Amino acid sequence: MMHLSVDQIIDFVSFDSLEETNMKLAQTVNGHILTCSECREKVKDFQSVFDELVRRNADKSLAKMYIKQSAKEVLKENNASL
Amino acid sequence: MNHYSEEEFYKVFHDITDTQHPVFDSLVNLAQETLKSSVKRWCYEDSCLRGGSYEDDVMQEILIRLIKNCVSGFFMRDGKLNNDPDGFKNWMFTVAKNVKNDFAKKIRRMQFIESELDENLSDGTLSPIYVSSEAEERLSTSFRRVIDSDISIYKVLTWIAQMLIIANMNVTKIQSNDILVQHFGFLTLDNMLEMIVAGAKDIPWLSLSDEQLARLRYKLDETTADGVRLGDKTYSDFYMKKGPKATVSDWVNRINNFIAKEDK
């Protein structure tokens, strides 16, 4: 089964308007996580980290950038350790 | 109305759990109808939201959070389909109340910053953020000078980032140092420039021309003594022993002194 990309998950957990592009992304992500428990857990984890960051500094774009950078670092470390 | 029929709930349930084409219209309608009067009351009862006409903003945030969390937080919360209408109502109210509380915290924080800003403006320790056209011209000139100077790229980025934070977040210079360290410390200089470009595009005196951007990118392509490209280095790699905030403050002061000298 194809999984959601980290970028898709981050865009999903951080969108902040009901515009069409976001609703399409919500359809893709929600449709997928109905049947994929692995991605569902990832979405939950990213969502709680993002919400906590926003709670602390209230700036969504910085929180999104932070989460993207952290994910990139983790992926880089994982690739290096393989 | 704050109660819905089972039929209405099952419409939402079927719309959301359609794996091929989930839709959210019925969820949005149900949530709006169910929560409208409560949101109005909560906003009235909260001293910092009362009279601020925040109901629509709070409702919008609630709808976004419901859409994001409906599958992972309710319909598939325990790994199997959950179609309990009463449970859904309780869950929806919990989400809505949390959103309202977060929203109120955000407004409180903004009100605090605004009051501090007023205080700083009245005692002359802070320049206004939205500036007159004369001041805008002066800031633009200073900005161009800094970009065109031979000052180290990480100091230049620090200076621009601080301007950006002050302009975008309505904070004092001291608060901006904290925010700068907190949010940029872990970023590479490449990422830092990327964020600055995105954030500065709506501020006339801070927006970068293609030529200026190319100049900054050229500087980021230079390599350091250890053979690493500057743009790949993390911002915090450049901190001095005196600590992050003192370092940031030192760099900004150096650039401000440079501008002051150029002005003479």
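In this predicted model, the largest nonpolar core brings together 61 residues. Those with the most contacts inside this core are L35(B), L66(B), F75(B), F88(B) and M92(B).

Apart from its neighbours within four places in sequence, M92(B) is in contact with Y4(B), L30(B), A31(B), T34(B), L35(B) and L66(B). A second, separate core contains 46 residues, among them W159(B), V181(B), L206(B) and V252(B).

Turning to the interface, 34 residues of chain B are in contact with 30 residues of chain A. The two chains, B and A, bury about 2900 Å² between them, and carbon and sulfur atoms account for 64% of that area. Between chain B and chain A there are zero salt bridges, while four residue pairs are in polar contact, both residues being at pLDDT 80 or more.

On the side of chain B that touches chain A, helix 3, helix 4 and helix 8 (189-200) each supply at least two residues. Helix 3 of chain B again deserves a mention, as the largest share of this side, eleven residues, comes from it. Sorted by class, the side of chain B that touches chain A comprises 15 nonpolar, ten polar and nine charged residues.

Definitions and conventions
Residues numbered from 1 in each chain as written. Chains lettered and ligands numbered in written order. Predicted model: local features only at pLDDT ≥ 70, side-chain atom pairs only at ≥ 80, totals over all residues. Heavy atoms only, no water. Core = buried A, V, L, I, M, F, W, Y, C linked by side-chain atoms within 4.5 Å. Buried < 20%, exposed > 50% of the residue type's maximum accessible area, 1.4 Å probe, protein only. Contact = heavy atoms within 4.5 Å. Buried area = accessible area lost by both parts, 1.4 Å probe. Salt bridge = Lys/Arg side-chain N within 4 Å of Asp/Glu carboxyl O. Polar contact = N/O pair within 3.5 Å; in protein donor to acceptor, adjacent residues only side chain to side chain. Helix = DSSP H or I, 4+ residues; strand = E, 2+ residues; numbered from the N terminus. Nonpolar A, V, L, I, M, F, W, Y, C, P; charged D, E, K, R; others polar.
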